[in-house]
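Here is a short briefing on one protein chain. Look over the sequence and the fold before reading on.

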Amino acid sequence: MTESAIFHPSDDPLTIALLVLPQASILEVASALDPLRNANRQLGSEAYRWRVVSPDGAPVPLTCGIELPSSGPLAHASGADALIVIAGYRLAEVATRPLIRDLRRIAPRFQLVGGIDAAPWVLARAGLLDGHRATVHWEDLEDLAAAHPHIDVVPDRFVIDRNRVTISGAAPAQDFMLHLIRSRHGAALARQVAASFLATHRPGHEPQIAPQDPALDPRVAAALSRMEARIDAPEPAAATARAVGLSPRRLESLFRQALNTTPAAHALDLRLQAARRMLTDTRHPIAEVALRTGFSSPSTLSRAFRARFGQPPGSLRR
């Protein structure tokens with residue numbers, strides 16, 4: 001797909017408006033802004049400008065407890081070249097109908113509209129991603145695809161499709177900004193900016209989750225990958241062991257050495273962590289959460305959940 005003109009080589013100043021929603025991550029804000037600041041420092045000029053806005057113009061409470069100052073409400077984004085939304089948790093509360101309406105109305109004013117982490121959900125609800133390829137944080141990929149069949153959802157780090165960009169999280173936000181800097185000012189500047197953060201630039205088409213730790217025994221890494229791919233349909237630990245060419249006892253020994261746990265316990269913990277994310281971040285009924293995390297019934301999930309977290313699943317929604 002043809003990229004927006006903001007990715008063409010240019011010395012003209014570029015202004016980006018960041019719409020930061022409550023309960024976003026400070027790391028995502030920094031990943032979006034600091035590469036631009038550093039590029040200006042390397043260039044010795046203000047090639048990149050930015051402004052932070054919020055839904056109502058008030059300071060934005062972030063997940064770490066810090067309030068991020070805002071230069072005004074969404075209307076203050078007008079005049080920028082690009083609008084990028086940053087969202088994290090509690091979308092049902094922060095992505096209000098008035099905000100969705102305002103986003104839909106203001107989007108045509110920008111050369112590029114994008115979203116970081118959970119913000120592709122917000123853009124999707126505004127109808128701004130229909131007919132586009134897009135990504136979102138890996139925890140939400142299946143749900144976004146199911147809820148919005150007119151979007152081609154892919155598991156990339158970031159996706160640029162015409163005048164839309166979707167970015168799956170904080171580290172990919174830095175990757176995207178490095179891509180933008182490279183496009184406008186060349187590979188040498190992008191490398192300088194990345195080096196200043198002791199970072200490397202990963203392209204958008206790479207998978208969101210990095211390969212397993214190379215220090216792990218390859219058979220343990222293969223077992224972990226199988227468990228992560230089978231959250232909704234877990235297999236017995238003995239089957240996992242056979243699949244990676246080990247006896248159950250040998251796999252358990254390797255897991256204890258590497259992770260201080262057993263294969264069965266680790267697989268269960270992955271499923272319970274996934275269940276907790278769904279309970280806090282979605283409105284799926286508990287029966288559906290149980291099904292999606294491989295539990296035979298809500299009561300089975302409830303017993304395991306209480307044993308792991310000390311409270312029933314329903315307590316997270318009160």
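What share of the contacts in the protein chain with a separation of 6 or more comes from residues 24 or more positions apart? The share is 64%. The model is predicted, and the points below go from the whole chain to one residue.

**Fold and dimensions**
- The protein chain holds 13 helices and ten strands.
- Its radius of gyration is 22 Å, close to the 20 Å that the globule rule gives for 318 residues, so the chain is as compact as a globular protein of that length.
- Along the principal axes, the C-alpha atoms fill a box of roughly 65 × 45 × 35 Å.

**Burial and surface**
- Of the 318 residues, 48% count as buried.
- The accessible surface of the chain is about 15,200 Å².
- Carbon and sulfur atoms contribute 52% of that surface.

**Charge**
- The chain carries 36 positive and 31 negative side chains.
- The centres of these two sets are 4 Å apart.

**Aspartate 175**
- Aspartate 175 sits in helix H6, which spans residues 170-185.
- The relative accessible area of aspartate 175 is 2%. The cut-off for buried is under 20%, so aspartate 175 counts as buried.
- Beyond its neighbours within four places in sequence, aspartate 175 is in contact with Arg157 and Phe158, and also with Thr200, His201 and Arg202.

Notes: Residues numbered from 1 in each chain as written. Predicted model: local features only at pLDDT ≥ 70, side-chain atom pairs only at ≥ 80, totals over all residues. Heavy atoms only, no water. Helix = DSSP H or I, 4+ residues; strand = E, 2+ residues; numbered from the N terminus. Rg over C-alpha atoms; globule rule 2.2 N^0.38 Å. Buried < 20%, exposed > 50% of the residue type's maximum accessible area, 1.4 Å probe, protein only. Contact = heavy atoms within 4.5 Å. Areas by Shrake-Rupley, 256 points an atom, 1.4 Å probe, with all protein chains shown as cover. Lys, Arg positive; Asp, Glu negative; His and termini not counted. Charge placed at Lys NZ, Arg CZ, Asp CG, Glu CD.
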